[in-house]
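Let's take a walk through this fold together. Have the model open and follow along strand by strand.

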Amino acid sequence: MFNWIRGLVPALAPVTSVKLKGPVVLPAGQVHRLRLRAGDALLVRHGQVWMTRQGDPLDHVLSPSHGHVAARPEDVVLESFVPDGSLYERRALP
């Protein structure tokens, strides 16, 4: 877990800022980077997701009962916090 911090992941797996249709599988050990717009919601459907935000000194663990809504445009990095992977969804503004 958190292998990208240790330099063990060659590059972050980019997820573009286009509308994502349906939930996204985040396997254990993979990292996703998202660009969220103000008002976009990040919802965890299964598992737990570790999230760090650009400019935020704190890290966050999101679970199905605790999501995240971007107050402003921001880049976030996600990694599954559970060994069997996680499922998340981004609800973009129309």
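**Starting from a hairpin**

β5 and β6 make a hairpin with five residues between them, and Gly55 in the turn has a positive phi of about 85 degrees. Strands here, like helices, are DSSP runs numbered from the N terminus (strands E, at least two residues; helices H or I, at least four). Before going further, a word on what you're looking at: this is a predicted model, where local features need pLDDT of at least 70, side-chain atom pairs count only at pLDDT 80 or more, and totals for chains, interfaces and linings use all residues. Residues are numbered from 1 along each chain as its sequence is written, and side-chain values use heavy atoms, with hydrogens and water left out.

β5 pairs with β6 (residues 59–62) in the antiparallel sense over four bridges; two strands count as paired if DSSP finds at least two bridges between them. Met51 has His60 as its bridge partner in β6. β5 also runs antiparallel to β8, joined by five bridges, and there Trp50 stands opposite Glu79. Four of the five residues in β5 are buried, where buried means under 20% relative accessible area, exposed over 50% and partly exposed in between (1.4 Å probe, protein chains only).

Now for the inside. Leaving aside neighbours within four places in sequence, Leu78 is in contact (heavy atoms within 4.5 Å) with residues including Leu26, Leu34, Leu42, Met51 and Tyr88.

Next, look for an open sheet of four strands, antiparallel, in the order β2-β9-β4-β7. β2 and β7 are the edge strands, each pairing on one side only. Three bridges link β2 to β9 (residues 86–91), with Leu26 partnered by Ser86.

Ala70 is buried, at a relative accessible area of 3%. Not counting residues up to four places away in sequence, Ala70 touches Leu36, Arg37, Ala38, Gly39 and Asp40.

Finally, confidence: pLDDT, the predictor's confidence in each residue from 0 to 100, averages 81, and 76% of residues reach 70 or more. Over residues 1–19 the pLDDT is below 50, and this stretch has 40 contacts in the model beyond near neighbours in sequence.
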